[in-house]
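Dear colleague,

Please find below the structure that I am handing over to you.

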Amino acid sequence: MADILALLGDARTLERRPAFLVEEADVAGAAAYRRLREDVFVTEQGLFMGSDADDLDADPRTIVLVARDRAGEVVGGVRLAPVVEPDIGWWTGSRLAVHRAARGLGAVGP
């Protein structure tokens with residue numbers, strides 16, 4: 001899809017565009033998020049051996065949000081899942097992962 005702001009030449013609006021867009025992951029986005037998690041938590045940080053997957057990943061209620069850069073590549077993500085003990089309707093975010101090259105894109109101020 002063409003970027004209408006680019007086609008119209010609205011330079012001021014283009015300058016204010018966010019560096020990324022957050023959306024609920026589709027199948028491909030969820031797969032990219034899982035690869036990113038492995039890169040960050042297993043390979044880069046060494047927090048897990050082999051895989052960082054757990055029971056929340058298998059819970060059908062779990063939702064994945066991804067951040068895509070302007071080119072549409074997944075550069076970050078987080079999963080939202082119900083708190084199960086006690087199960088009183090609360091949700092939590094976990095496994096927030098950001099690609100090394102994208103860290104700081106959303107930073108505001110010094």
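**Strand S3 and its neighbours**

In strand S3, Val 74 is the bridge partner of Arg 68. Please note that this is a predicted model, in which local features need pLDDT of at least 70 and side-chain atom pairs count only at pLDDT 80 or more, while totals for chains, interfaces and linings use all residues. Residues are numbered from 1 along each chain as its sequence is written, and side-chain values use heavy atoms, with hydrogens and water left out. Helices (H or I, at least four residues) and strands (E, at least two) are DSSP runs, numbered from the N terminus.

Strand S2 (residues 63–69) pairs with S3 in the antiparallel sense over six bridges; two strands count as paired if DSSP finds at least two bridges between them. The two strands S2 and S3 form a hairpin with four residues between them. In that turn, Gly 72 has a positive phi of about 95°. S3 is also joined by six bridges to strand S4 (residues 91–98), and these two run antiparallel. Here Gly 76 stands opposite Val 98 in S4.

S3 itself (residues 74–82) is mostly covered, with eight of its nine residues buried. Buried means under 20% relative accessible area, exposed over 50%, and partly exposed in between (1.4 Å probe, protein chains only).

**Helix H3**

Helix H3 (residues 27–44) has 18 residues and reaches 24 Å from its first C-alpha to its last, close to the 26 Å expected at 1.5 Å a residue. The expected span is 1.5 Å times one less than the number of residues. At the start of H3, a side-chain oxygen of Asp 26 comes to within 3.3 Å of the backbone nitrogen of Ala 28. Gly 46, which follows the helix, has a positive phi near 65°.

The buried residues of H3 include Tyr 33, Leu 36, Arg 37, Val 40 and Phe 41. An α-helix has 3.6 residues a turn, so residues three or four places apart point the same way. The buried residues of H3 pack against helix H4 (55–58), S2, S3 and S4, where contact means heavy atoms within 4.5 Å.

**The aromatic pair**

Rings of Phe, Tyr and Trp (its six-membered ring) pair if their centres lie within 6.5 Å; planes under 30 degrees apart count as stacked, over 60 as edge-to-face and the rest as tilted. By this rule the count comes to one aromatic pair. Phe 41 and Phe 48 form it edge-to-face, at 6.5 Å centre to centre and 85° between the planes. Phe 41 counts as buried because its relative accessibility is 10%, whereas Phe 48, at 27%, is partly exposed.

**Salt bridges**

The whole structure holds twelve salt bridges, each being a side-chain nitrogen of Lys or Arg within 4 Å of a carboxyl oxygen of Asp or Glu. In one of them, the side chains of Glu 23 and Arg 68 meet at 2.5 Å, N to O. This pair links distant parts of the chain, with Glu 23 in strand S1 (residues 20–24) and Arg 68 in strand S2, 45 residues apart. Glu 23 is partly exposed at 29% relative accessible area, whereas Arg 68 is buried at 16%.

Arg 79 forms a salt bridge with Asp 57, the closest N and O atoms being 3.0 Å apart. Arg 79 lies in S3 and Asp 57 in H4, 22 residues apart. Arg 79 is buried, with a relative accessible area of 1%, and Asp 57 is partly exposed at 32%. Both residues belong to a network of salt bridges that also links Arg 37, Asp 52, Asp 54 and Arg 95.

Yours sincerely

How values were computed
A polar contact is a pair of N or O atoms within 3.5 Å; within protein, one must be able to donate a hydrogen and the other to accept it, and residues adjacent in sequence count only if both atoms are side-chain atoms.
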